Amino acid sequence: MDAKLKLAKFAIALGVLGFISSWLISLHIGSKVFSDPSYASKSAIRTELISVKGKGYFVETNDAKLYRYSQFYMLALGIALIGGAYVQKRERAEKRTKFESRRKSSELGN
């Protein structure tokens with residue numbers, strides 16, 4: 001296995017983990033915000049404003065940072081898709097070369 005294939009498989013794993021973690025963070029913060037109406041108003045603890053489904057909510061600073069980072073889920077999914085596409089391309093190329101070598105050897109044998 002060469003370095004490009006290892007990198008592509010790592011990209012798949014990284015992209016899937018990034019997508020799942022982003023989705024879980026968004027789910028956690030979204031459920032927290034929607035379950036308590038006090039997040040609609042600013043308080044001494046909740047100072048950061050985030051937008052969830054078109055509405056503004058005030059959350060703690062750490063939750064706001066996590067929520068903003070979780071918005072990169074499409075980038076993580078794209079990384080996984082690019083890695084998967086490269087792996088598929090390599091597998092198809094290997095199958096094609098095996099098929100062609102078998103065909104050539106059978107033609108030489110006839």
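## The largest pocket

Ala, Val, Leu, Ile, Met, Phe, Trp, Tyr, Cys and Pro count here as nonpolar, Asp, Glu, Lys and Arg as charged, and the others, Gly among them, as polar. With that in hand, the lining of the largest pocket in this predicted model divides into seven nonpolar, four polar and one charged residues. The pocket's volume is about 250 Å³.

Let's look at who lines it. Helix α1 supplies the largest share, seven residues. The lining includes F19, S22, W23 and S26, and V52, K53, Y67, Q71 and Y73 also belong to it.

## Helix α1

Helix α1 covers residues 3-35, and its end C-alpha atoms lie 47 Å apart. That agrees with expectation, because 33 residues at 1.5 Å a residue should span 48 Å.

Several α1 residues are buried, among them L5, A8, A11 and G15. S22 and G30 are buried too, and both also line the largest pocket.

## K53, between two strands

K53 sits in the loop that runs between β1 (48-52) and β2 (55-59). Its phi is near 55°, a positive value in a residue other than glycine. Is K53 buried or exposed? With a relative accessible area of 76%, K53 is exposed, and K53 is also part of the lining of the largest pocket.

G84 counts as partly exposed because its relative accessibility is 22%, while buried would mean under 20%. The C-alpha atom of G84 is 9.7 Å from that of A13, a residue 71 residues away along the chain.

Key:
Residues are numbered from 1 along each chain as its sequence is written. This is a predicted model: local features need pLDDT of at least 70, side-chain atom pairs count only at pLDDT 80 or more; totals for chains, interfaces and linings use all residues. Side-chain values use heavy atoms; hydrogens and water are left out. Buried means under 20% relative accessible area, exposed over 50%, partly exposed in between (1.4 Å probe, protein chains only). Helices (H or I, at least four residues) and strands (E, at least two) are DSSP runs, numbered from the N terminus. The expected span of a helix is 1.5 Å times one less than its number of residues. On a 1 Å grid over the protein atoms alone, a cavity is a set of points where a 1.4 Å probe fits but cannot get out, and a pocket is an open set with protein on both sides within 12 Å along at least five of seven lines; lining residues have an atom within 4 Å of a point. Grid points are joined across faces, edges and corners, and a volume is the space filled by probe spheres set on the points.
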